[in-house]
Amino acid sequence: MPERPDYPVQLVQPDGRRVLDPEHAALVADVGPQQLRALYEDMVVTRRIDIEGTALQRQGQLGLWAPLLGQEAAQVGSAHALHPDDYVFCSYREGAVAYCRGVPPTELTRLWRGVAHHCWDPHAVNMTNPNIVVGSQGLHATGYAFAAHLDGAEIATIAYFGDGASSQGDIAEAFGFAASWSAPVVFFCQNNHWAISEPVRVQSATPIARRAYGYGMPGVQVDGNDVLAVLAVTRQAVARARSGGGPSFIEALTYRMGPHTTADDPTRYRSAAETEQWARRDPIDRVRRLLEREGHWDQAFELLVAEHADEVARQVRTATIDLPDPAPTELFDHVYATPHPLITEQRREYTEYLTGDPDESSARPEGVPQ
């Protein structure tokens, strides 16, 4: 293993100039003007969805929202590297990954609205729903990957998590098992520099990518605001997993421009100067400048993308506000994969409570309120 990580992989500088890196450029040599435009459009649309989600929460239409502002390149670039049969295990911030996997934007807010246990059908897009238990998705991805390997399926799984989650025991256990058993999993750390109010320096005294070496798997740092570089390194890791090469670790260096969630106030723990510095590395602006430099940008395309983004945001807003309240007994749906007698009994008792069944009322012990 190298004594220290190389400089983060970068293929496009913030001003739009390409970086000479023959090894990684070869991995995205097929990405021409149309594909680059498609990456740009996905980033713009997902940012617009994210801004709408924040606005909906501020207006009382959502209970909570976890913004991804500033992390579009890390999510869109990695998502475009996946095959349809690969399986995604996310945290709670991967709205852009979900969009790229084919989740209808109108389903992205159901959980956050509080009307369902989930947002989308995971089987339809091979991606789990938002996971609030920090780090547990690393174990889930590893177990699924190893089981798929035992079944002979040549797929990869990918586990998304943040720099804060890298300090969780679940992630360490996932690393150990995946490396020992060559599970075909890609660990994708979005190092956005802040685990709520704690800076990344308190998570690790060295680059997080170095942790991979101790487990015997390759680790790479990538400029997480460079969509082409992220696409390249993720393609490399996915190909390794699908071909039986085992797990890989990617540390995408990016920045959370907004709050950790809408319940957070980042001005209490970080400076405006730091945020402004990262704003100059905006991932969307970088792709636009690249397109401009190479003569693939025009106002008609800009207008088309903006109109598409606004229309998707309008659909998200309308669908969110129009979401019906669920029936109370839906609380018991999808708790177990198969019928369970305990859940059946709980549903019966709760239904009797709601309907005011006289037999149920008379059966209450003395002193229990009606």
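Which element gives the largest share of the lining of the second largest cavity? Select helix H12 (283–293): 4 residues of that lining come from H12.

This is a predicted model, where local features need pLDDT of at least 70, side-chain atom pairs count only at pLDDT 80 or more, and totals for chains, interfaces and linings use all residues. Residues are numbered from 1 along each chain as its sequence is written, and side-chain values use heavy atoms, without hydrogens and water.

Stay at the second largest cavity. A cavity is a set of points on a 1 Å grid over the protein atoms alone where a 1.4 Å probe fits but cannot get out; lining residues have an atom within 4 Å of a point. Its space is about 40 Å³, the volume filled by probe spheres set on points joined across faces, edges and corners. Show Pro283, Arg286, Val287 and Leu290, which are among the lining residues.

Next, select serine 166. Serine 166 sits in the loop between strand E2 (157–162) and helix H8 (169–181); helices (H or I, at least four residues) and strands (E, at least two) are DSSP runs, numbered from the N terminus. At 8% relative accessibility, serine 166 is buried (under 20% relative accessible area, with exposed over 50% and partly exposed in between; 1.4 Å probe, protein chains only). Beyond neighbours within four places in sequence, serine 166 contacts Phe161, Ile171, Ile208 and Arg211 (heavy atoms within 4.5 Å).

Move to H8. Color its buried residues: Ile171, Ala174, Phe175 and Ala178. Down the axis of H8, they fall within an arc of 100 degrees, so they line one face; the arc uses directions from the helix axis to the C-beta atoms. Exposed Ser180 and Trp181 are on the face turned away from the buried side.

Note on methods
1 Å grid on protein atoms, 1.4 Å probe; cavity = no way out; pocket = protein on both sides within 12 Å on 5 of 7 lines; lining within 4 Å.
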